[in-house]
Amino acid sequence: MSELIDKQKATISKKRRKISKEESSLWWMYIPALTAVSLFIIYPFLNGIQISFTDWNGFSQESNWVGLDQYKRLFSDPLTWLVVRNTLLYGVGSTFLQLTVGLVYALLLNRSIKFKALTRTIIYLPVIISPLIMGYIWVFFFAYQGGALNDIVMWLGFDPINALGNPSVNPWIIVLVNTYQFVGISMIIYLAGLQGISKDYYEAADIDGASAFQQFKKITLPLLMPSITINVVLNLIGGLKLFDVIVSLTGGGPGNASQSMSTFMYTLYFRREDAGYAATQGVLMTFMILAISLVALVYFKRKEVEA
Amino acid sequence: MKTTTKWVLSILALIISLIHFVPFYILMTTAFKDRTDFSSRWLFPDYLSFANFFDAWERANLTNAFMNSIIITVGAALLLIFFGSMAAYPLARVKSRVNQFIFGLFVAIMVIPPLAALVPLYNLVVQMGLINTHAIAILNNFASFLPLTIFLYAGFIKSTIPKELEEAARIDGAGTVTLFFRIVFPLLKPITATILIISSVYIWNDYQFAIFFLQDSSVHTLTVTLSNFFGENQNNLNLVAAAALMASLPMIIVFLFLQKHFVSGLSSGAVKG
């Protein structure tokens, strides 16, 4: 009998071994994906670092190794600081707005009120529109001549406002438009988080006589931390990469006033034949986004643990 | 909740909806108004002028743009589903150091902005002779959406597909290919739907890759066509509005029909991740 069991065990372990052998031979399945990503993302990224040390103009066969010259130029170029500032404004500004406005919307729509489905649909609708087209839609609103905003301004008896042409205003309009477009995603992620919080906590808090604000601070907010982390990282990456909406809303102008690092890089490469320098801007942009998202991720993850 | 609070909050929700709808409303009043009609954009015309739509369709060559956008979106989405699910399977199932490294690599790539590598990427595409082809738009969108696809598939496989099922199939003698495509892939349907929806929206709306790699008008997608059309018609915003409305309509219709999947897909993907 025990002999029989041993024999059975042996066949099973043989089969097990066969399975794990088959499992470890699955690596070929990710080769196509890895090839695509290596060819179109990793290789260009590494090649970009190489190009950032040259004075390549973007189309000729020749280029010279110039060492750190492009980096020296990068850090002494006043435009770098302008576009970095704008990029940070688009990233951090939109993140802050989407976090707070999205939370307010989610808290509202998590209650049993009328028009819930309608409101959610309308807030989410812009997410599916192309950011480029979204920019144009807002041009119809903000345009100096014949814009919807100026219809009201003039009706009130004021002079029309050239909001999109005003360099101290238009970066903020870009932040607002980006927030308007993507606040729906933040809201949905918060709603999913809110629905995961057990009602028992609130019932217990009610019995203890905690106020609505105390419940929000001590229960809702800490338990929403994972949703907040996702929202911060998603919005930061999205905002720091911003491109389409800037192109369609202001074209980066007037002058360079509303350029971000992405639009600036595009201008350098396609309009000014300054590929080496554009690549340098690209390297800076990648490391900036990596660093900021990583810091945000670690910071908010730590808060999750504390909660 | 007290009824008064409920109604106050309901009205608040309605006001928020109205504010969020303003841009769409302005888009519509602009698109349906004659060029010579200078009434306020806040007023809906008492007639509906479809002339802008016919005119814009013709002049912007939207037939061509729609065809190109459809080819690129469908092509890239199919590649994503096929190769993305395939790649996620071993990464989710086999815990080896190599696999963990590869998975980490895919996740890290999600952060890299595609534009940061614009210069070398453009150079590479020119060298490959793929400039102004559908293929390059398909491949680029495929590659740049692949990390998220793999991330979502891997999360789904780990959390919902029972390993015993695969072991049983193996004992019955199924090879990897049969096992994956006949048994695992059909079970991935919910997340496949999510990825299909999110990636289609993303690829349909892509402008960055499209302006770099599709410079010839025969391969222009909707976004490129529209940005050129805007450039040419700055003084005729009614025409641009009509074109913008037509370009957005397919996604709006799809969204209104598949709303539930959109929302649940996005939240489950995000929360699980």
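Patches are made of residues with over 30% relative accessible area and no salt bridge, where like charges are joined within 9 Å and nonpolar side chains (Val, Leu, Ile, Met, Phe, Trp, Tyr) within 5 Å. Accessible areas come from the Shrake-Rupley method with a 1.4 Å probe, and for residues only the protein chains shown count as cover. A salt bridge is a side-chain nitrogen of Lys or Arg within 4 Å of a carboxyl oxygen of Asp or Glu.

The model is predicted: local features need pLDDT of at least 70, side-chain atom pairs count only at pLDDT 80 or more, and totals for chains, interfaces and linings use all residues. Residues are numbered from 1 along each chain as its sequence is written, chains are lettered from A and ligands numbered from 1 in the order in which they are written, and side-chain values use heavy atoms, with hydrogens and water left out.

Begin where the two chains meet. In all, 87 residues of chain A are in contact (heavy atoms within 4.5 Å) with 93 residues of chain B. About 8300 Å² is buried between chain A and chain B, and carbon and sulfur atoms give 80% of this area. Buried area here is the accessible area (1.4 Å probe) that two parts lose on being put together, summed over both.

Turn next to the surface. Phe115(A), Leu118(A), Trp7(B), Ile11(B), Ile15(B) and Ile19(B) make a nonpolar patch of about 560 Å². With 4 residues, helix H1 (residues 3–31) of chain B gives the most to this patch. Helices (H or I, at least four residues) are DSSP runs, numbered from the N terminus. Ile11(B) is placed in helix H1 of chain B, and it counts as partly exposed because its relative accessibility is 42%. Partly exposed lies between buried, under 20% relative accessible area, and exposed, over 50% (1.4 Å probe, protein chains only).

Helix H2 (residues 51–59) of chain B has buried residues Asn52(B), Phe53(B) and Ala56(B). These are on the same side of H2(B), because they cover an arc of only 95° around the axis, taken from the directions from the helix axis to the C-beta atoms. Phe54(B) and Glu58(B) are exposed on the other side of H2(B). Asn61(B), with a positive phi near 55°, follows H2(B).

Helix H7 (residues 163–171) of chain B holds Glu166(B), which counts as buried at 4% relative accessibility. Apart from neighbours within four places in sequence, Glu166(B) is in contact with Tyr89(B), Arg93(B), Ile161(B), Leu179(B) and Val184(B).

Terms used:
Helix = DSSP H or I, 4+ residues; strand = E, 2+ residues; numbered from the N terminus.
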